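Hello,

Here is the structure I promised to pass on to you. Have a look at it first, and then read on for my notes on what turned up in it.

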Amino acid sequence: MSQTFRTEKDSMGEMQVPDWALYGASTARAVENFPIAHEPVPAAVIHAFGHLKAACAQANLDLGKLDNTIAQAIIEASNEVAQGKHDAHFPVDIYQTGSGTSTNMNANEVIANLATSRLRLRDASAAKVHPNDHVNMGQSSNDTFPTAMHIAAALAVKNDLEPALKRLYEILRGKAEEWDGIVKIGRTHLMDATPIRVGQVFSGFAAQVMHARNAADWALEEMLGNLPIGGTAVGTGINTHPEFGNRVAKALSKVIAATKEWEEFGEAPNHMAAQAAKDHFVMAHADLKTIAVSLTKIANDIRWLGSGPRCGIFELLIPEIQPGSSIMPGKVNPVICESVIQVACRVIGNDAVVTTAGLGGIGSIFELNVAMPVMIDAFLESVKLLANVCNVFVDKLLVGLQVNEQRCGELIEQSLMMVTSLAPVVGYDNAAKLAKQAFKENKTIRELVTEQKLVDEKTLNELLDPDSMTRPGGSGGGGG
């Protein structure tokens, strides 16, 4: 079926726009100019623009800058955009003008056309809502796009990442409590060390996730209180009311807080910094990178502790969820752990994107950062991947994870580092000789000490009690 077009105009002249499209000439020009990724700006940014444009119209109405009828039509149309009802009309590529001007104009045109249609349903002679003069009143792409970035990022962290991290923390904390009575051998430098309780290991994992939740909170704080709106072109606030930025922030807080528990948005304390640099975004994504690093530690340790089943460590029993090989029958792999680690690889790569885009001379140049679309795309992808993989980690692995207690006990008994608790009694050098002799003769420390009658059986049992070795002071009762 052939597509029909209408002729639209912008400040550069005429453009052919598909008849079905709610956008206008500026958007059509951008679609034509940027056939690069063939991926539009993330929907979360578009929804944030809907919230933002509604708040801007409300602020302009309250300041007496915008007619009530037009303002209400813009607010209603913007709310539809915020709800995702018109995502198909936002086709502009991620790799566009670095200030996001094309997406801002896309939002202005769609909202203007929706508002105009709404008004003309009531009055066929109603004036047309203008994308620049009305929808974009008191604004610039240079302050709206970064503000939409902050809104989208804050919503993603608050609504997706923080709940996922909370779930992960709670199950790890629960495992730590459940397994606190099970002792396993510790390892440092990949070599045998002194015993540690499985609960202690998982308490460490839980603490890492608790710190990750704090990092997510910090990332959220970076987004909330630094909205660039009100700075317009270069941060000076030209063509806008001095109260505009603060009023928009309050309107946004009111709308978003109406549906979810939410901290307030705030106007950036310095608009020049907010628009000329994206340091807050770089800092916030660094927090996401830290979360990714934490997850790699947890996932990697679990996959190693579950390695085997015959020729590995095999202290943990990882749920079997799919065949692990197309050629080796019966093989099962730690695929969920591998998925977590791959997500971390992507997030760490995204951090390089965000950092580079924020660099002076690359993205941040004089009064504006001109690499914002790729920054928010990378940021939102990181949040999405981290949130999703945390939930998968919980549902597909941690819920069914078990401890192989028999294997833990066997490895403790075989470990040469059990000799550590003898050092306060026989001395460090003699203990080292015992360890080397036990290894050479393929004996356990218990067997060798018993043969040499270095201590009586009762004392030996106390010294080699693995549980007491996991507690302050150790089982030797001495220093070391």
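Phenylalanine 366 counts as exposed, because its relative accessibility is 72% and the cut-off for exposed is over 50%. Please keep in mind that this is a predicted model. You will find phenylalanine 366 in the loop between E6 and strand E7 (368–369). Together with Ile365 and Val370, Phe366 forms a nonpolar patch on the surface, and the accessible area of these residues together is about 310 Å².

Now move to glycine 363, in the loop between helix H11 (335–358) and strand E6 (364–365). Is glycine 363 buried or exposed? Glycine 363 counts as buried, because its relative accessibility is 0%. Leaving out residues up to four places away in sequence, glycine 363 touches Thr356, Ala357, Leu368, Asn369, Val370 and Ala371. Val370 also belongs to the surface patch with Ile365 and Phe366. The C-alpha atom of glycine 363 is separated by 8.1 Å from that of alanine 277, and these two residues are 86 residues apart along the chain.

Stepping back to the whole chain, you will see 17 helices and 8 strands. The C-alpha trace spans about 105 × 50 × 40 Å along its principal axes. The radius of gyration is 30 Å, whereas a compact globule of 480 residues would have one near 23 Å. Of the 480 residues, 50% are buried. The accessible surface comes to about 22600 Å², and carbon and sulfur atoms account for 53% of that. Among contacts with a separation of 6 or more, 71% are between residues 24 or more positions apart.

On to the inside. The largest nonpolar core has 145 residues, and those with the most contacts inside it are Leu172, Phe202, Ile291, Ile302, Phe393 and Leu398. Helix H6 (residues 141–178) gives this core its largest share, 18 residues. What does leucine 398 contact, leaving aside its neighbours within four places in sequence? The contacts of leucine 398 are Leu168, Ile171, Leu172, Lys175, Ile302 and Phe393.

Apart from residues up to four places away in sequence, asparagine 104 touches Phe49, Lys53, Asn136, Ser140, Ser141 and Thr144. Another asparagine, asparagine 33, sits in helix H1 (residues 25–33) and is partly exposed, with a relative accessible area of 47%.

Next, the charged pairs. Side chains of opposite charge can pair when their charged atoms come close. The count here comes to 17 salt bridges. One of them joins arginine 197 and aspartate 180, with the closest N and O atoms 3.1 Å apart. This pair links distant parts of the chain: arginine 197 is in strand E4, aspartate 180 is in the loop between H6 and E3, and they are 17 residues apart. Arginine 197 is buried, with a relative accessible area of 8%, while aspartate 180 counts as partly exposed at 30% relative accessibility.

Lysine 184 and glutamate 315 form another salt bridge, with their closest N and O atoms 3.1 Å apart. Here too distant parts of the chain are linked, as lysine 184 is in strand E3 and glutamate 315 is in the loop between H10 and E5, 131 residues apart. Both lysine 184 and glutamate 315 are buried. Glutamate 451 and lysine 443 meet through their side chains in a salt bridge of 2.9 Å, N to O. Glutamate 451 is partly exposed at 47% relative accessible area, and lysine 443 counts as partly exposed at 25%. There is also a network of salt bridges that links Glu76, Glu80, Arg118 and Arg122.

Finally, a few details of the backbone. The peptide bond from glycine 308 to proline 309 is cis, with omega near 5°, and proline 309 lies in the loop between helix H10 (279–305) and strand E5 (316–317). Leucine 190 is not a glycine, yet it has a positive phi of about 70°. Leucine 190 lies in the loop between strand E3 (183–188) and strand E4 (191–197) and is exposed, with a relative accessible area of 81%. Lysine 453, also not a glycine, has a positive phi of about 50°.

Enjoy exploring it!

Best wishes

Note on methods
Residues are numbered from 1 along each chain as its sequence is written. This is a predicted model: local features need pLDDT of at least 70, side-chain atom pairs count only at pLDDT 80 or more; totals for chains, interfaces and linings use all residues. Side-chain values use heavy atoms; hydrogens and water are left out. Helices (H or I, at least four residues) and strands (E, at least two) are DSSP runs, numbered from the N terminus. Buried means under 20% relative accessible area, exposed over 50%, partly exposed in between (1.4 Å probe, protein chains only). Contact means heavy atoms within 4.5 Å. Patches are made of residues with over 30% relative accessible area and no salt bridge: like charges are joined within 9 Å, nonpolar side chains (Val, Leu, Ile, Met, Phe, Trp, Tyr) within 5 Å. Accessible areas come from the Shrake-Rupley method with a 1.4 Å probe; for residues, only the protein chains shown count as cover. A salt bridge is a side-chain nitrogen of Lys or Arg within 4 Å of a carboxyl oxygen of Asp or Glu. A nonpolar core is a set of buried Ala, Val, Leu, Ile, Met, Phe, Trp, Tyr and Cys residues joined through side-chain atoms within 4.5 Å. The radius of gyration is taken over C-alpha atoms; the globule rule is 2.2 Å times the number of residues to the power 0.38.
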